[in-house]
Structure formats: C-alpha cells, structure tokens
Amino acid sequence: MAASPRAFVLRHTRLRPVPGLEEVRLHLAGEVLPLWRAVQLETNDPHADLPYWAFAWVGGLAIGRYLREHPEVVAGRRVFDLASGSGLCALAAMHAGAADATASDIDPCAAASIALNARENGCRVAVVRRDVLDEAPPDSDVILAGDCWYDAGLAGRVLPWLRQARDRGIDVLVGDPGRRYLPTAELVELASYEVRTTTELEDLDRSQGRVFALRPA
Ligand SMILES: C[S@@+](CC[C@H](N)C(=O)[O-])C[C@H]1O[C@@H](n2cnc3c(N)ncnc32)[C@H](O)[C@@H]1O
C-alpha cells in the first residue's frame, strides 16, 4: 500500500455514530464499490479483500446490542475480538465495562481502523495483526466473533478454534445474521435484534442479527 493504512482509512471514511449503537463511533464509509476499487488500486491487487473494516456488519452490531443489554458478560473481564474489522465488538465490550480488549484482524487497514476508532472512543484496545487461527486461543475470558461465517475457508478454521477456546473455559459469543457457513447445529441462540445496516452490503437496510453461544461439548 503506497499510503499508510492509517492515512488511507482517514481519507476514505467519516467518523460517525453506529446506527442503533450510538455510544460507539467508527470511521465508516458510505459506498463499498468505489472504496474497494481504491483498495485494489492502492495495493495493486485486483483480488484485494473487501474493505470490511469500513462498515459495521450485522453480526458485530448484534453482539454490540447484546453487550449493551448484558454488560455482565464482559464487565471486568478480558475480551478478545476475533475478525474485528472496525473494532466494533471490542469497543462495545469496553463500553460495557470490559477490563481490557484485544482486537485481531489480518487486514492492515482493519488494524489502522481499530486503532483510530479506539482513540476516538477513548478506549484502549490492543491490536493483533497476525493470523491467530494458527495459534492456540488467547488467554482471555470471553471471545467475540462477529460476522465470521461468510467464507467457507474462514468458517472451516474459525469453528475448531472456537471449540478449542470453549473447551478451555473461555466464553464464546458469535454474532451473525445466518450466513451460509454459520454452524447452526453447534450454536445456542441467546438473542436476536433487528439492526440497521446498509444496502451497500446486504439486500435490505434492516437485518436480523442473532447472538449465539457455542453449544457445550
Ligand atoms: C465481515 S467482517 C466482520 C467485522 C466485525 N467483526 C463486524 O462484525 O463488524 C470479517 C473480518 O474478518 C477478518 N478476517 C478474515 N480472516 C481473518 C483471520 N484469519 N483472522 C482475523 N481476522 C480475519 C476480515 O479482514 C474482516 O475484517
């Protein structure tokens, strides 16, 4: 990337409150396709990933709503936000009283976006840019996984990793609208919220976001 990821995020987003979760403010984009094109040009990679980090996804929005209603799930606890994108779930956890939060994402712009968003929210969030799915789950109390089930390859790696975390006694929360690779048989639904999203990403501007725990082994 020619520009620094931080400069790129700042150039292509605007800081705004998250619809339905206004206590969290994120650097968000309005349109996906022009931004995706800008990422492809900037990285010189026609196969560059979507700029996930520039949007609040349905799964993350649902987790945010759940943590607002149930702060005791994270209050005073160590939280790890897998596939963090903008940092949405980590920031919602910090607003709910988490002791600390770590956000992981493999996209350099996501890492820059999380750092910028943490600062704007007055929260400290540690950022991990390596692929943690190749490692044992982190030493944390709660893992949040917002909108991770959109891709077969990723879904196939996330599930065993989350199982491993659960088996070590870590609470796992999954947020998702019911995407194709969601492993429903392994999940117990905890709550469901109508969330405001954008037709830039979804077919409707409102979507049902659901929050799940991983079924005990
Ligand atoms: C659909 S976005 C969800 C973002 C956020 N959790 C939310 O709900 O708004 C999925 C994110 O997963 C990230 N991702 C993909 N593979 C990953 C991996 N192996 N480790 C960490 N993050 C990954 C992508 O870069 C992207 O930011």
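**Notebook: pockets and helix packing**

I started with the largest pocket and asked what lines it: H6 gives the largest share of the lining, three residues. A reminder to myself is that this model is predicted.

**Entry 1, the largest pocket**

I looked up the volume, and the largest pocket holds about 580 Å³ of space. Which elements each supply at least two residues of the lining? I noted strand S3 (78–82), helix H4 (88–95) and helix H6 (152–167). By class, I have 17 nonpolar, six polar and eight charged residues in the lining of the largest pocket.

I sorted the lining of the second largest pocket into nine nonpolar, three polar and two charged residues.

Next I turned to helix packing. Two packed helices are described by the angle between their axes and the distance between those axes. For helix H1 (residues 5–12) and helix H2 (residues 32–43), I found axes that come within 12 Å and cross at roughly 155°. Angles over 145 degrees count as roughly antiparallel, so H1 is roughly antiparallel to H2. Is the crossing of H1 and H2 left-handed or right-handed? I have it down as right-handed. On the H1 side, Phe8, Arg11 and His12 make the contact, and on the H2 side I listed Leu35, Ala38, Val39 and Glu42. The contact of H1 with H2 comes out as four nonpolar, one polar and two charged residues.

I stayed with H1 and checked helix H5 (residues 108–120): the two axes come within 8 Å and cross at roughly 70°. Roughly perpendicular covers 65 to 115 degrees, and H1 and H5 are therefore roughly perpendicular to each other. H1 goes past H5 in a right-handed crossing. Which residues of H1 meet H5? I wrote down Pro5, Arg6, Phe8, Val9 and Leu10 in H1, which meet Pro108, Cys109, Ala112, Ser113, Leu116 and Arg119 in H5. In the contact of H1 with H5 I have eight nonpolar, one polar and two charged residues.

How values were computed:
Residues numbered from 1 in each chain as written. Predicted model: local features only at pLDDT ≥ 70, side-chain atom pairs only at ≥ 80, totals over all residues. Heavy atoms only, no water. 1 Å grid on protein atoms, 1.4 Å probe; cavity = no way out; pocket = protein on both sides within 12 Å on 5 of 7 lines; lining within 4 Å. Points joined across faces, edges and corners; volume = space filled by probe spheres on them. Helix = DSSP H or I, 4+ residues; strand = E, 2+ residues; numbered from the N terminus. Nonpolar A, V, L, I, M, F, W, Y, C, P; charged D, E, K, R; others polar. Axes fitted to C-alpha atoms, helices over the stretch in contact; angles between N-to-C directions. Parallel < 35°, antiparallel > 145°, perpendicular 65-115°, else oblique. Left-handed = near helix turned anticlockwise from the far one by under 90°. Contact = heavy atoms within 4.5 Å.
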